Amino acid sequence: MRDKMKAGSAAKLIVDALLQRFLPLARRRIETAQAQDGQYLRPSDPAYEQVLDSLAMVARHTPVPLLEALLRWRESESPKGANDASTFQRKLAVECIFCSACIRFAECCPQEGLTEKLWSGLENFVFDWLINADRVVSQVEYPSLVDLRGLLLDLVAQLLGALSRIR
């Protein structure tokens, strides 16, 4: 029992340390996506890529606390309230980062590593965006966000591919 608790707290420390590196890099990407006003490019950021690689390694061993932490991050960063272009732009940027992290996560996480509820949650996220993207962020109302929405849908499709290899 005590060893299990030790392993659990070690896993939490590893996830926390990784998140401390992930958060500022993710925030910077969200702000750059907003600053570029729809001209969102995929800037190569070696530090960010390195964090995603670390995330993938942690996913092999302690997937549950890691995915739960990513879900909490997504919830805390997602804008609430106003429906205007800048709010949607931030929402799309957050979803892109969440999705890119989940792709790396799903590529490395063993199927038995997650509960059915967490796997279903990821699948629901994917299908929700595939089915409702135009309703959430209309290309007619927000033409400046078409590129960013397209990027998110590309990432969602990649995540679907990663999930389908496991499930």
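Modeller: Among the contacts in the chain with a separation of 6 or more, 80% are between residues 24 or more positions apart. This is a predicted model, and the chain has 6 helices and 0 strands. From the N terminus on, the order of elements is α-α-α-α-α-α. Of the 167 residues, 44% count as buried.

The part I have picked is helix H4, which covers residues 85-108.

For H3 and H4, the axes come within 10 Å and cross at roughly 175°. An angle over 145 degrees counts as roughly antiparallel, so H3 and H4 are roughly antiparallel to each other. On the H3 side the contact is made by Pro63, Leu66, Leu67, Leu70, Leu71, Trp73, Arg74 and Glu77, and on the H4 side by Arg90, Val94, Glu95, Ile97, Phe98, Ala101, Cys102 and Phe105. By class, the residues of this contact are 12 nonpolar, no polar and 4 charged.

Angles under 35 degrees count as roughly parallel, so H4 is roughly parallel to H6. The crossing of H4 with H6 is left-handed. From H4, the residues that meet H6 include Gln89, Leu92, Glu95, Cys96, Cys99, Ile103 and Glu107. Among the residues they face in H6 are Leu148, Leu152, Leu155, Val156, Leu159 and Ile166. The contact of H4 with H6 has 16 nonpolar, 3 polar and 4 charged residues.

Glutamate 95 deserves a separate word. It lies in helix H4, and it is among the H4 residues in the contact with H3 and among those that meet H6. Is glutamate 95 buried or exposed? The cut-off for buried is under 20% relative accessible area, so glutamate 95, at 1% relative accessibility, counts as buried. Not counting residues up to four places away in sequence, glutamate 95 touches Arg74, Phe125, Trp129 and Leu152.

One of those residues, phenylalanine 125, can be read from its own side. Phenylalanine 125 touches Arg74, Glu95, Phe98, Cys99, Val156 and Leu159, again leaving out residues up to four places away in sequence.

Last, alanine 101, which is one of the H4 residues in the contact with H3. Computed along the sequence, alanine 101 and aspartate 53 are 48 residues apart, yet their C-alpha atoms are 9.3 Å apart in space. Aspartate 53 is found in helix H2, residues 46-61. Aspartate 53 has a relative accessible area of 39%, so it is partly exposed.

Terms used. Residues are numbered from 1 along each chain as its sequence is written. This is a predicted model: local features need pLDDT of at least 70, side-chain atom pairs count only at pLDDT 80 or more; totals for chains, interfaces and linings use all residues. Side-chain values use heavy atoms; hydrogens and water are left out. Helices (H or I, at least four residues) and strands (E, at least two) are DSSP runs, numbered from the N terminus. Buried means under 20% relative accessible area, exposed over 50%, partly exposed in between (1.4 Å probe, protein chains only). Axes are lines fitted to C-alpha atoms, for helices over the stretch in contact, and angles run from 0 to 180 degrees between N-to-C directions. Angles under 35 degrees count as roughly parallel, over 145 as roughly antiparallel, 65 to 115 as roughly perpendicular and the rest as oblique. A crossing is left-handed if the near helix is turned anticlockwise from the far one by less than a right angle, and right-handed if clockwise. Contact means heavy atoms within 4.5 Å. Ala, Val, Leu, Ile, Met, Phe, Trp, Tyr, Cys and Pro count as nonpolar, Asp, Glu, Lys and Arg as charged, and the others, Gly among them, as polar.
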